[in-house]
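Subject: Structure for you, with notes on pockets and cavities

Hello,

Here is the structure I said I would pass on. My notes on its pockets, cavities and surface follow below it.

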Amino acid sequence: MKVIQNYIGGKLQAPQNKMYMDGYEPASGQVYAQIPDSDEQDLQMAIEAAEKAFPIWSNLSALKRSKHLRKISELIEQKLPELALAESIDNGKPLKLASSVDIPRAVDNFHFFATAIEHFASESHFMEQTAINYTLRRPIGIVGCISPWNLPLYLFTWKIAPALASGNCVIAKPSEITPMTAYLLSEICIEAGLPSGVLNIVHGRGAQIGQSIVAHPKIKAISFTGGTSTGKHLARTAAPMFKKLSLELGGKNPNIIFDDCDFENMLKTTVHSSFANQGQICLCGSRIFIQKNIYEKFKDAFVAEVKKLAIGDPLQEVNVGAVVSKEHQAKILSYIQIAQEEGGKILCGGNKFIPSSKRCKEGYFIEPTIIENVGYLCRANQEEIFGPVVTITPFETEEEVLTMANSTEYGLAATVWTKDLQRAHRVAEKLESGIVWVNCWLLRDLRTPFGGVKSSGVGREGGWEALRFFTEAKNVCIKY
Ligand code: NAD
């Protein structure tokens with residue numbers, strides 16, 4: 001049994017109340033870890049440690065902070081196999097995905113912001129013969145970073161790295177469903193010699209320790225990634241204290257396929273964008289719209305390709321692993337049921353999956369599922385399912401597909417497949433979405449603004465956007 005500890009004031013510590021929760025391995029359905037059920041007392045200790053560390057950390061040169069972060073990045077890279085295995089066991093994702101995407105991205109997150117801070121500059125505004133203004137950007141103080149379970153270390157570090165690089169001290173909380181790699185990150189920070197109190201990681205339930213972080217008056221900014229309803233709740237708590245908020249929330253992303261696309265490339269990528277990480281990536285394209293004259297061709301080819309996906313023990317050579325929890329499995333299956341009640345026809349999948357390996361018999365698996373004949377305003381096409389389930393819907397015109405694509409409350413990411421450059425620009429401009437990929441998916445440049453519109457969030461992460469979020473701007477005006 002692995003026992004996770006909080007990381008407070010540079011030390012690994014048991015929760016003050018000595019309470020732990022069970023941590024499950026999704027592939028086996030068995031308890032394999034104990035997770036601190038931290039409360040206010042642990043948060044208070046973390047706040048005190050961060051307050052003590054802040055004057056020193058915030059006044060270190062950017063270069064010195066950068067060196068600390070680069071060391072962390074190097075250690076994550078050195079421990080990639082161990083971290084990838086831990087991520088796969090904790091989350092249910094295929095080991096090869098954790099090894100090729102999740103952990104390398106955590107390495108990149110620290111490296112990217114370690115170097116970015118050395119190049120970060122602010123503006124000056126010159127008033128002819130009168131004055132010069134310059135923008136002073138200083139760290140905020142103590143900030144909170146709260147992340148979800150789908151890309152555990154990847155998203156945790158995506159917040160922590162820019163917050164630390166900018167000179168803040170951080171109180172971070174990973175998802176209680178997948179806390180293992182955040183715990184291993186604490187060990188790495190100790191090994192890297194990160195000064196104590198600069199980063200504090202407290203584990204526990206969202207409604208308890210998460211809520212306390214958001215409500216604490218000494219935490220001046222919150223960077224949150226998670227569900228839209230949690231985001232709403234969080235905003236209600238934080239808004240009266242005028243905290244800075246960055247909210248990365250749910251999605252229901254359209255994947256729009258025009259008849260002039262590069263069919264082979266589109267098909268290969270669409271299988272991936274539908275079912276990577278069991279469809280549990282906020283950027284997955286769960287509503288696939290296909291132009292009518294290639295609809296039947298697409299349907300046959302897509303179903304055939306999806307049927308070839310290997311599903312099973314994530315520690316083996318598979319394409320699809322387990323979904324993250326028993327509750328999430330039940331939620332996904334309930335949406336498959338809803339889609340059928342709404343007239344949907346299942347073309348493949350639709351059920352729980354029981355792998356042949358003995359250790360996975362009680363695991364939380366679902367067959368990759370394709371459903372057609374669901375109206376675009378139906379619940380299965382409007383609400384986030386966040387699992388290996390996609391719908392396919394034909395369309396005739398650009399106007400029609402834009403209406404359908406923009407019909408949800410969400411607006412995180414969209415994918416467009418066409419060889420017509422004019423159309424690509426036109427459609428990208430009209431999509432209500434924070435991110436549009438044309439003829440590709442999940443091609444990421446960490447300098448670009450990342451985030452959603454409508455109920456998919458507020459604010460942007462990535463590049464300068466993140467460094468601006470984690471600093472306060474002050475204008476200094478000097479008269480000649
Ligand atoms: P969630 O909202 O249940 O939990 C996210 C985090 O918030 C967890 O650490 C949780 O413990 C914490 N939390 C829960 N209640 C809280 C509260 N009252 N106060 C403070 N913290 C609280 O989300 P989840 O189920 O872990 O993740 C899945 C969701 O995340 C999906 O909706 C998905 O689309 C979204 N997501 C969005 C992005 C993005 O970039 N927009 C990326 C990944 C996942």
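Four elements each supply at least two residues to the lining of the largest pocket: α7 (206-215), β11 (219-225), α8 (228-238) and α11 (326-341). Please keep in mind that this is a predicted model. Of those elements, α8 gives the largest share of the lining, 6 residues. The largest pocket has a volume of about 970 Å³, and 41 residues line it, with Pro 148, Phe 224, Gly 226, Gly 227 and Thr 230 the closest to its centre. By class, the lining has 16 nonpolar, 16 polar and 9 charged residues. Domain 1 (2-249 + 456-479) and domain 2 (254-445) each contribute at least three residues to the lining of the largest pocket.

The second largest pocket has a volume of about 680 Å³. Its lining is made of 29 residues, and those nearest the centre are Leu 97, Val 101, His 272, Ala 276 and Trp 441. Two or more lining residues come from each of α4 (95-119) and α9 (263-275). The lining of the second largest pocket divides into 16 nonpolar, 5 polar and 8 charged residues. Here too, at least three residues are drawn from each of domain 1 and domain 2.

The largest cavity holds about 100 Å³ of space. It is lined by 15 residues, with Gly 279, Ile 281, Cys 284, Ser 286 and Phe 386 nearest its centre. Of the residues in that lining, 7 are nonpolar, 6 polar and 2 charged.

The second largest cavity has a volume of about 70 Å³. Its lining has 15 residues, and Pro 254, Ala 405, Tyr 410, Gly 411 and Glu 432 lie nearest the centre. Strands β13 (253-257) and β20 (413-417) are the elements that give two or more residues to this lining. By class, the second largest cavity is lined by 7 nonpolar, 5 polar and 3 charged residues.

Last, the surface. Phe 126, Ile 132, Tyr 134, Leu 136, Ile 478 and Tyr 480 make a nonpolar surface patch of about 560 Å². Strand β7 (residues 131-139) provides the largest share of the patch, 3 residues. Tyr 134 is found in β7.

Regards

Key: Residues numbered from 1 in each chain as written. Predicted model: local features only at pLDDT ≥ 70, side-chain atom pairs only at ≥ 80, totals over all residues. Heavy atoms only, no water. 1 Å grid on protein atoms, 1.4 Å probe; cavity = no way out; pocket = protein on both sides within 12 Å on 5 of 7 lines; lining within 4 Å. Points joined across faces, edges and corners; volume = space filled by probe spheres on them. Nonpolar A, V, L, I, M, F, W, Y, C, P; charged D, E, K, R; others polar. Domains from an automatic or database assignment. Patch = residues over 30% accessible without salt bridge, like charges linked within 9 Å, V, L, I, M, F, W, Y side chains within 5 Å. Areas by Shrake-Rupley, 256 points an atom, 1.4 Å probe, with all protein chains shown as cover. Salt bridge = Lys/Arg side-chain N within 4 Å of Asp/Glu carboxyl O.
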